[in-house]
Amino acid sequence: MASQAVLKYLQDTNRPYSANDIVQNMHKEYSKSQIQKSLDELVADGSIIEKVYGKQKVYCIKQKETAEDNNDEELTELNAKIASTTNLLTNLKNELTTTEASLKILLSEPTTEDALNEVNLLKNANTRMSEKIELLKKSTNLIPEKEKIAISKAKTANLNEFKKRKRLCMNVINEILENYPKSKKVLLEEIGIDQDGDQILEQILN
């Protein structure tokens, strides 16, 4: 039973603890709700006593009154205060760690002045780039649309004429080849026709 385990732990240690301390010190053998329920039951049946310090509750074993020790109650209360203060100190340390981490992040961010300087640098760079673009536009001789159309038409006409003349030439060559004893390649070389040149010219016109 959780109640018996909690009572034995408090008897063995004979020190005041909060519910969280007991959960951790018992290595989470029982859940926090089980520990809290056991503590409430033990307080109700008088096995342990509960001390409240602000929002903090601490629990300790009920000391037996003896003639030899008349200060047990005072000592118990003092230990309870120590436990409460220790728990408060732990919470404050955790808050301090969190605050320091947040401060470190804030300090790593650029200041408002740095951010404004960066914005101004970017604006100046953008202005210089815009000026260069405008200068290039003014210094470049753009071909009028009508002239582009005329050039395109002339190119198409030249290509068609080239293909027509090439076809006529090849017809003549094929007729010669019917009675020519050698290959077509040899014939073309003998009469000085460069087919590679024709292909290059056709690629240019295309």
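This is a predicted model: local features need pLDDT of at least 70, side-chain atom pairs count only at pLDDT 80 or more; totals for chains, interfaces and linings use all residues.
## Helices that cross

Residues are numbered from 1 along each chain as its sequence is written, and side-chain values use heavy atoms, with hydrogens and water left out.

## The chain as a whole

The protein chain has eight helices and two strands. Starting at the N terminus, their order is α-α-α-β-β-α-α-α-α-α. Of the 206 residues in the chain, 19% are buried; buried means under 20% relative accessible area, exposed means over 50%, and partly exposed lies in between (1.4 Å probe, protein chains only).

## Two nonpolar cores

A nonpolar core is a set of buried Ala, Val, Leu, Ile, Met, Phe, Trp, Tyr and Cys residues joined through side-chain atoms within 4.5 Å. The largest one holds 17 residues, and Val6, Leu10, Ile22, Met26, Ile35, Leu39 and Ile48 touch the most other members. At least two residues each come from α1 (2-13), α2 (19-25), α3 (32-44) and β2 (56-61). The top contributor to this core is α1, with five residues.

Apart from this core lies another, of six residues, including Ile173, Tyr180, Leu187 and Leu188.

## How α6 meets α7

Helix α6 covers residues 145-177 and helix α7 residues 184-191; they pack at an angle of about 120°, with axes 11 Å apart. The axes are lines fitted to C-alpha atoms, for helices over the stretch in contact, and angles run from 0 to 180 degrees between N-to-C directions.

Which residues of α6 and α7 meet? From α6 come Met170, Ile173, Asn174, Ile176 and Leu177, and from α7 come Lys184, Leu187, Leu188 and Ile191, where contact means heavy atoms within 4.5 Å.

## The cysteines

Counting pairs of cysteine sulfur atoms within 2.5 Å as disulfides, the total is zero. Cys60 is buried, at 4% relative accessible area, whereas Cys169 is partly exposed, at 33%.

Technical notes
Helices (H or I, at least four residues) and strands (E, at least two) are DSSP runs, numbered from the N terminus.
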